[in-house]
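Dear colleague,

Please find below the structure that I am handing over to you. My notes on it follow.

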Amino acid sequence: MPKDSLEKNILLVDDHALFRAGLRLILASKIKAAIHEIEKISDAKTLEIDIDVILLDVHLPGLNGIDGMSVLQQQWSDARIMLLSAASNHENINQALDQGASCFLNKNTDPALICKTVQSLLDNRSITNAQYALNTNSEIVTQAKPILSTRMLEVLALMAEGHSNKYIAEKLVLSENTIRNHAAALMEHFGVNNRTKMILAAQQAGYLSQ
């Protein structure tokens, strides 16, 4: 079914009705577009319209968002996909970005950032963190990131508990210099310059509990 050339269509794919309703209200207040919603990927076949932007929950029952991306891409090859999740598993995000997703945002992101990002996708504009730097501390993931090693995750967890480099070194049977190197690598990974910011960034990215 052809769409009006002036009308854009957004599709929300999320199994939580309350979240969909809230997101629909937020988007409708800021963006001129028709908003459609489904609760699982298999419901996409019921839509006989063109879709411009898809807001896709990563953790769906049955066929999840990552594995189900190909189904949506087959139906709407030109649609741009924004992944949404309450947690940030970088391995899954990397996989989705490699498969053609445009970006990832945490569900706890400032609603204004979600709206601006969706508008950018509708306008076929590129997305960068820099353009939103003054609006939010939330991170837009638009390119693959290296996966943290098991050892780095252990160091991160102990740092989050407030332990010193000396304690962590003794706990993990490593040198203090190695721990300092891990700390520097972790801060570089999260794009921060001190431990406090690193821990906050790790929490926002889903590596640590809040």
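**Findings**

Just after helix H5, Gly-162 takes a positive phi of about 90°. Helices (H or I, at least four residues) and strands (E, at least two) are DSSP runs, numbered from the N terminus.

This is a predicted model, in which local features need pLDDT of at least 70 and side-chain atom pairs count only at pLDDT 80 or more, while totals for chains, interfaces and linings use all residues. Residues are numbered from 1 along each chain as its sequence is written, and side-chain values use heavy atoms, with hydrogens and water left out.

**The helices around H5**

Helix H5 (residues 150–160) packs with helix H7 (residues 176–190) at an angle of about 90°, the axes being 10 Å apart. Axes are lines fitted to C-alpha atoms, for helices over the stretch in contact, and angles run from 0 to 180 degrees between N-to-C directions. H5 and H7 are therefore roughly perpendicular to each other (65 to 115 degrees).

On the H5 side, Arg-151, Met-152, Val-155, Leu-156 and Met-159 meet Ile-179, His-182, Ala-183, Ala-185, Leu-186 and Phe-190 of H7; contact means heavy atoms within 4.5 Å. By class, this contact of H5 with H7 has nine nonpolar, one polar and one charged residues (Ala, Val, Leu, Ile, Met, Phe, Trp, Tyr, Cys and Pro count as nonpolar, Asp, Glu, Lys and Arg as charged, and the others, Gly among them, as polar).

Met-152, Val-155, Leu-156, Leu-158 and Met-159 of H5 are buried, that is, under 20% relative accessible area with a 1.4 Å probe, protein chains only. They cover an arc of only 165° around the axis, which puts them on the same side of H5; the arc is that of the directions from the helix axis to the C-beta atoms. The buried residues of H5 pack against helix H6 (165–172), H7 and helix H8 (195–204).

**The sheet**

Five strands form an open sheet in the order E2-E1-E3-E4-E5, with parallel pairing; two strands pair if DSSP finds at least two bridges between them. Its edge strands, each pairing on one side only, are E2 (34–38) and E5 (103–106).

Strand E1 (residues 9–13) is joined to E3 (residues 53–57) by four bridges, and Val-13 has Leu-56 as its bridge partner in E3. Five bridges join E1 to E2, where Leu-11 stands opposite His-36. Five of the five residues of E1 are buried, so E1 is largely enclosed by the rest of the structure.

Yours sincerely

Notes. Parallel < 35°, antiparallel > 145°, perpendicular 65-115°, else oblique. Buried < 20%, exposed > 50% of the residue type's maximum accessible area, 1.4 Å probe, protein only.
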